[in-house]
Structures are given as C-alpha cells and as structure tokens.
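Please look through the model below with these notes beside it. They go element by element, then turn to single residues.

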Amino acid sequence: MSDACSMLRRLARNQALANARLGQACLALRPGEWEAVRTSFFPSLKFTMDHLLNADRYYAETISPGCLDSLPARGGETAMEFTAEREGVDRWYMGFCSALTPDRLDAKVSVSWPEKTFHESLSNLLLHVFMHGQHHRGQVHAMLSGTSVAPPQIDEFILATDAGLRSSDLKNFGWTEDDFNR
C-alpha cells in the first residue's frame with residue numbers, strides 16, 4: 001500500500017466485507033432476535049446497525065450531497081431490508097474511495113452538527129467513518145454472541161496471511177485478491 005488513497009480504498013472494501021458478514025449473520029437470526037433488547041450502547045442489534053447505517057449515510061451526504069439519491073429512503077425495519085440498504089451505502093463508499101486522488105485528501109468538508117459546524121479534511125473524515133464503523137461492528141459482534149447465530153469473524157480482510165479465510169467473501173463480491181489489494 002503506497003499511499004493514503006490506497007489505504008482508504010482498502011478500508012472501504014474492508015467495511016463492505018465486514019458488513020456483509022454481519023448482515024448474513026443477522027439474516028440468520030431467529031424471529032425476535034434482531035429487535036431483542038441487549039446490553040450495549042444501543043439496546044439491540046437493530047438499533048446498533050441502524051445507527052451505523054444512518055451515520056454512514058450522513059457522512060456520505062456530507063461529503064457528496066445527493067450521492068445517495070438513487071438509493072431507497074431509509075426504512076429498513078427487518079434485517080433483510082437493512083442489509084439491502086447497507087450494501088448500497090457500502091457500494092457508494094467503495095466507489096468514492098476508488099476515485100480518490102491524493103490532491104483531494106486535504107480538501108475541507110463542512111460538517112454540520114446541531115450545536116456547531118466544523119471543517120475537517122476529507123482524509124480525516126473518511127478515516128473517522130471507517131473507525132466509527134469498526135467500533136459499532138464490534139458491538140454487533142458482541143451482541144450476536146447472545147443469539148442463536150455465532151458471530152462471524154470480521155477482521156480477516158487486511159493481512160496477506162488471511163487470504164484463504166476471505167476467499168469466499170471476495171468471490172461473493174466478484175473480486176480477486178488483486179482487486180481487494182489495489
């Protein structure tokens with residue numbers, strides 16, 4: 001990996017692969033487990049996954065207003081609806097990061113919060129998005145431990161020695177190892 005753009009592309013693909021594994025796990029849950037109250041910052045798998053998706057949608061729209069207009073409006077109540085929405089947002093991040101060039105990384109993005117607006121570099125904002133996602137995917141992973149579905153590994157997508165462990169995931173995305181590592 002020779003530059004920050006390559007790293008951000010890889011993090012976007014990592015996000016998509018990890019979200020896909022968690023999505024498949026959630027699709028296999030027994031009725032009621034998706035919504036069941038659990039111990040975590042957000043009180044269920046549904047609320048945690050929903051928070052993560054809403055945050056990722058917010059940042060995508062902040063980075064590139066209107067970028068998600070072609071996706072369905074938020075409304076995924078079931079794990080199946082949620083997973084379809086998640087895939088669309090992950091595709092956007094992968095496409096956006098694939099088109100990144102080094103000269104864009106320092107561009108300032110205006111981020112609006114209820115109490116203030118601040119300006120952050122595009123590279124830091126994307127890094128925040130990916131770290132925020134990993135934080136909440138870890139919570140989902142822990143909550144899955146209390147369900148009928150074993151939590152999937154979500155950290156086999158970066159190291160070269162994990163290639164065999166991610167091969168079926170890459171195949172599901174239509175990728176080769178070279179695609180993943182570019």
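1. Helix α5. D169 is found in helix α5. Helices here are DSSP runs of H or I with at least four residues, numbered from the N terminus. D169 is buried, with a relative accessible area of 11%. Buried means under 20% relative accessible area, exposed means over 50%, and partly exposed lies in between, with a 1.4 Å probe and protein chains only. Leaving aside residues up to four places away in sequence, D169 touches L17, R21 and F157. Contact means heavy atoms within 4.5 Å.

2. Basis. This is a predicted model, where local features need pLDDT of at least 70, side-chain atom pairs count only at pLDDT 80 or more, and totals for chains, interfaces and linings use all residues. Residues are numbered from 1 along each chain as its sequence is written, and side-chain values use heavy atoms, with hydrogens and water left out.

3. Helix α2. This helix spans residues 45–63, 19 residues in total. From first C-alpha to last, α2 reaches 27 Å, close to the 27 Å expected at 1.5 Å a residue. The expected span is 1.5 Å times one less than the number of residues. Of its 19 residues, 14 are buried, so α2 is largely enclosed by the rest of the structure. S44 caps the N-terminal end: one of its side-chain oxygens lies 3.4 Å from the backbone nitrogen of K46.

4. The largest pocket. How much space lies in the largest pocket? About 270 Å³. Its lining has 15 residues, and A16, A20, Q24, E87 and F173 lie nearest the centre. The elements giving two or more residues to this lining are α1, α3 (79–98) and α5. A pocket is an open set of points on a 1 Å grid over the protein atoms alone, where a 1.4 Å probe fits, with protein on both sides within 12 Å along at least five of seven lines; lining residues have an atom within 4 Å of a point. The volume is the space filled by probe spheres set on the points, which are joined across faces, edges and corners.

5. G88. This residue lies in helix α3. Is G88 buried or exposed? At 6% relative accessibility, G88 counts as buried. G88 and F173 are 85 residues apart in sequence, with 13 Å between their C-alpha atoms.

6. N181. Helix α6 holds N181. Its relative accessibility is 35%, so N181 counts as partly exposed. N181 touches R10 and R13, not counting residues up to four places away in sequence. S6 is 175 residues from N181 in sequence and 8.3 Å away in space, C-alpha to C-alpha.

7. V37. The loop between α1 and α2 contains V37. V37 counts as exposed, at 72% relative accessibility. V37 and M143 are 106 residues apart along the chain, and 9.8 Å separates their C-alpha atoms.

Conventions: A polar contact is a pair of N or O atoms within 3.5 Å; within protein, one must be able to donate a hydrogen and the other to accept it, and residues adjacent in sequence count only if both atoms are side-chain atoms.
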